[in-house]
Amino acid sequence: MSDHSVAHGTFVVERTYPHPVEKVWAAWSDPKLKSQWFGGNGDNPPKVFEFKPGGRESSAGTIPDGPTYNFDVTYQDIVPLSRILYSYDMHMDGRKISVSLAAIEFWPATGGTKMKLTEYGLFLDGLDTVAQRQEGTIGLMNQLGAFLDRQ
Amino acid sequence: MKPRTVTHASFTLERHFRQPPSRVFGAFADTPAKQAWFHGPDDWARDVHTMDFRVGGMETSSGGSPGGPVSSFRARYQDIVPDQRIVYSYDMDLNGDRISVSLTTIEFKPDGAGTRLVFTEQGAYLDGWDNPALREEGTAQLLDQLASFLDT
């Protein structure tokens with residue numbers, strides 16, 4: 001492996017969900033709820049879930065006939081009903097593909113909750129791109145919206 | 001209580017050092033070497049500093065001016081490629097209030113007989129305690145201290 005490149009990227013995803021802040025917050029802070037929209041349907045809960053500053057979250061998933069991804073989080077700041085900051089690493093088949101910092105902010109909005117997700121990422125050695133990560137994150141936020149609607 | 005705010009910002013600093021990448025990287029990787037330049041202003045009490053330089057390892061530092069607030073730095077190394085790059089995320093606290101969460105990338109590139117260092121920091125500055133311009137200024141000061149250390 002000779003390519004040790006680092007590509008820096010950032011993106012923002014904003015959503016307004018027609019649900020109260022408490023309900024949106026619970027979808028992030030309760031592992032049973034989170035596992036129903038964050039990369040699964042509750043069938044692959046995280047192996048570690050410590051929702052507190054300094055706490056970890058760890059999960060793994062394999063795409064059928066594809067690679068295994070590992071997602072490892074350290075929570076760095078949590079203000080209930082207001083914000084979550086965490087850094088995370090992604091590995092693909094054991095190789096580190098990215099290191100990112102995510103900030104999720106929540107505000108009460110007319111008829112629901114405004115949520116803003118800001119990510120800074122380092123995409124390592126040409127194994128991933130910010131465009132793919134943004135696309136994947138938009139997919140997750142859509143899954144969160146659908147999950148909240150059917151709850 | 002202060003209103004809850006998050007200010008996102010990034011900065012990049014580039015420096016040329018006369019020393020080769022292995023030497024410059026060593027100033028980050030070796031604990032006594034790092035302690036020689038990675039510290040607050042001279043009028044601060046000597047920092048309390050710990051460091052475990054490996055992926056997943058932690059580095060902590062705290063200090064402050066006599067009678068002033070105590071700044072605490074707590075980093076976790078997230079990626080290390082010897083002589084090439086270091087990635088860590090870190091929190092800063094001021095008297096126990098979290099003032100920022102940042103992701104730092106340091107790249108070491110051969111540049112003639114020396115090294116081009118690219119220091120990129122992506123930060124979330126919390127609740128109005130701190131701002132990106134101050135952090136950039138503080139980081140530039142640290143890199144000046146690194147240059148002095150390498151030249152001695």
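Biologist: In the hairpin of strand 2 and strand 3 of chain A, which residue takes a positive phi?
Modeller: A:G54 does, with phi near 85 degrees. Six residues lie between the two strands in that hairpin. Keep in mind that this is a predicted model.

Biologist: How many bridges join strand 2 of chain A to strand 3 of chain A?
Modeller: Two, and the strands run antiparallel. For one pairing by residue, A:F49 has A:E57 in strand 3 of chain A as its bridge partner.

Biologist: And how many join strand 3 of chain A to strand 4 of chain A?
Modeller: Seven bridges, with the strands again antiparallel. A:S58 is partnered by A:D72 of strand 4 of chain A. These two strands also make a hairpin, with five residues between them. In that turn, A:D65 has a positive phi of about 60 degrees.

Biologist: What order do the strands of the chain A sheet have?
Modeller: The order is 1-7-6-5-4-3-2, in an open sheet of seven strands with antiparallel pairing.

Biologist: Why is one side of strand 1 and of strand 2 of chain A left without a neighbour in the sheet?
Modeller: Strand 1 (6–17) and strand 2 (48–49) of chain A are at the edges and have a single partner strand each, so each has one side with no neighbour in the sheet.

Biologist: Where is confidence lowest in chain A, and where highest?
Modeller: Strand 3 (residues 56–62) of chain A is lowest, at a mean pLDDT of 94, and helix 1 (residues 21–29) of chain A is highest, at 98. For chain A as a whole the mean is 94, and 99% of residues reach 70 or more.

Biologist: Changing topic. How many residues of chain B are in contact with chain A?
Modeller: 29 residues of chain B, against 29 of chain A. Between them the chains bury about 2,300 Å², with 52% of that on carbon and sulfur atoms. B:H8, B:R85 and B:Q122 supply 24% of the area chain B buries there, more than any other three residues.

Biologist: How many salt bridges across the interface of chain B and chain A?
Modeller: Three. One of them joins the side chains of B:D127 and A:R83, at 2.7 Å from N to O. There are also 13 residue pairs in polar contact between the chains.

Biologist: Which strand of chain B gives the largest share of the side that touches chain A?
Modeller: Strand 6 of chain B, with six residues. By class, that side of chain B has 10 nonpolar, 11 polar and eight charged residues.

Terms used. Residues numbered from 1 in each chain as written. Chains lettered and ligands numbered in written order. Predicted model: local features only at pLDDT ≥ 70, side-chain atom pairs only at ≥ 80, totals over all residues. Heavy atoms only, no water. pLDDT = per-residue confidence, 0-100. Helix = DSSP H or I, 4+ residues; strand = E, 2+ residues; numbered from the N terminus. Contact = heavy atoms within 4.5 Å. Buried area = accessible area lost by both parts, 1.4 Å probe. Salt bridge = Lys/Arg side-chain N within 4 Å of Asp/Glu carboxyl O. Polar contact = N/O pair within 3.5 Å; in protein donor to acceptor, adjacent residues only side chain to side chain. Nonpolar A, V, L, I, M, F, W, Y, C, P; charged D, E, K, R; others polar. Pairing = 2+ DSSP bridges.
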